Amino acid sequence: MKSVKERVRQFNLHIKDKYYHLTFDKPASEVMISKIQGYYKTKIPISLRWFYREIGGITGNSNEFVMNIENIPYLLKKLNEPNKWFKCDSLGFVDYLRFLWGNDRPEFESFDPEKIAYLNENYRCFGHYRFSCGLTEANILYFDKAGKFGEVRYHEKEFENVWTEFLNDMLVASPASEDLEHMLIRILNKLETGAKNRDKLVLPDLD
């Protein structure tokens, strides 16, 4: 996991525009990790515990080519937020997705509550990244009960696609297959390439 810290440093060195730079948060204590463990409601993978203890979190200020692995104090604050529009109801997949969109994703309300409950119960989220579509899209990072990691791309204008591409299969068996370290480095490589070539990309109309 030390390679993740070094890869973030390289990312910032390679990207000249500081708008895209990523920062580390304060590492978490064992007490804080124990607190968030109760909200995950499943065993936190060893690699994610290490991440919290040694790195704390990774955040950025841009809306594209950015990774956000929220630190524990931030997650605890949002899990206990009194304002329903800013509250993260749980770290389950659907609840976390809704949270990223200000809890305003009514399209999920038309689906079988048992399916939503299954996704929340079996896939726990800990962060996300955004590539080139601004706030209309996010790749949500999760781990399953076996401690494997994966991601789901969600675009607010392509709701049916998230079911056909990801969620229907996730209701049958977990597609998660990565370890945390290699997944984060893979994503950082992707984000760096995007940020370097941003002027060459044909970005979608966000209106």
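Buried means under 20% relative accessible area, exposed over 50%, and partly exposed in between, with a 1.4 Å probe and protein chains only. The structure is a predicted model, in which local features need pLDDT of at least 70, side-chain atom pairs count only at pLDDT 80 or more, and totals for chains, interfaces and linings use all residues. Residues are numbered from 1 along each chain as its sequence is written, and side-chain values use heavy atoms, with hydrogens and water left out. The protein chain has eight helices and six strands; helices (H or I, at least four residues) and strands (E, at least two) are DSSP runs, numbered from the N terminus.

**Overall architecture**

- Along the sequence, the elements of the protein chain follow the order α-β-α-α-β-β-α-α-α-β-β-β-α-α.
- The radius of gyration of the protein chain is 17 Å, close to the 17 Å that the globule rule gives for 207 residues, so the chain is as compact as a globular protein of that length. This radius is taken over C-alpha atoms, and the globule rule is 2.2 Å times the number of residues to the power 0.38.
- Taken along the principal axes, the box filled by the C-alpha atoms of the protein chain is roughly 45 × 45 × 35 Å.
- Of the 207 residues of the protein chain, 50% count as buried.
- Contact means heavy atoms within 4.5 Å. Among contacts in the protein chain between residues at least 6 apart in sequence, 64% join residues at least 24 apart.

**Surface and charge**

- The protein chain exposes about 10400 Å², of which carbon and sulfur atoms supply 52%. Accessible areas come from the Shrake-Rupley method with a 1.4 Å probe, and for residues only the protein chains shown count as cover.
- The mean positions of the 30 positive and 31 negative charges of the protein chain lie 7 Å apart. Lys and Arg count as positive and Asp and Glu as negative, while His and the chain ends are not counted; the place of a charge is taken as NZ of Lys, CZ of Arg, CG of Asp or CD of Glu.

- Helix 6 (residues 113-122) has Ile116, Leu119, Asn120 and Asn122 as its buried residues.
- The cover over these buried residues includes helix 5 (93-100), strand 4 (123-130), strand 5 (137-144) and helix 7.

**Helix 7**

- Trp163 is placed in helix 7 and counts as buried at 3% relative accessibility.
- Leaving aside neighbours within four places in sequence, Trp163 is in contact with Phe108, Phe111, Ile116, Leu119, Asn168 and Leu171.
- With neighbours within four places in sequence left aside, its contacts are Val152, Arg153, Tyr154 and Leu167.
- Asn168 belongs to helix 7 (residues 159-170) and is partly exposed, with a relative accessible area of 36%. Asn168 and Leu22 are 146 residues apart in sequence and 33 Å apart in space, C-alpha to C-alpha.

**Buried charged side chains**

- Glu192 lies in helix 8 (residues 180-196) and counts as buried at 7% relative accessibility.
- The side chain of Glu192 makes a polar contact with the side chain of His14 at 3.0 Å. A polar contact is a pair of N or O atoms within 3.5 Å; within protein, one must be able to donate a hydrogen and the other to accept it, and residues adjacent in sequence count only if both atoms are side-chain atoms.
- Not counting residues up to four places away in sequence, Glu192 touches Arg7, Gln10, Phe11, His14 and Ile15.
- Lys78, found in helix 4 (residues 72-79), counts as buried at 14% relative accessibility. Residues up to four places away in sequence aside, Lys78 touches Phe86, Lys87, Cys88 and Phe99.

**Positive phi values**

- Most residues other than glycine have a negative phi.
- Lys41 has a phi near 60 degrees, a positive value in a residue other than glycine. Lys41 lies in the loop between helix 2 (30-40) and helix 3 (46-54) and counts as exposed at 64% relative accessibility.
- Phe65 has a positive phi near 50 degrees and is placed in the loop between strand 2 (58-60) and strand 3 (66-68). Phe65 is buried, with a relative accessible area of 0%.
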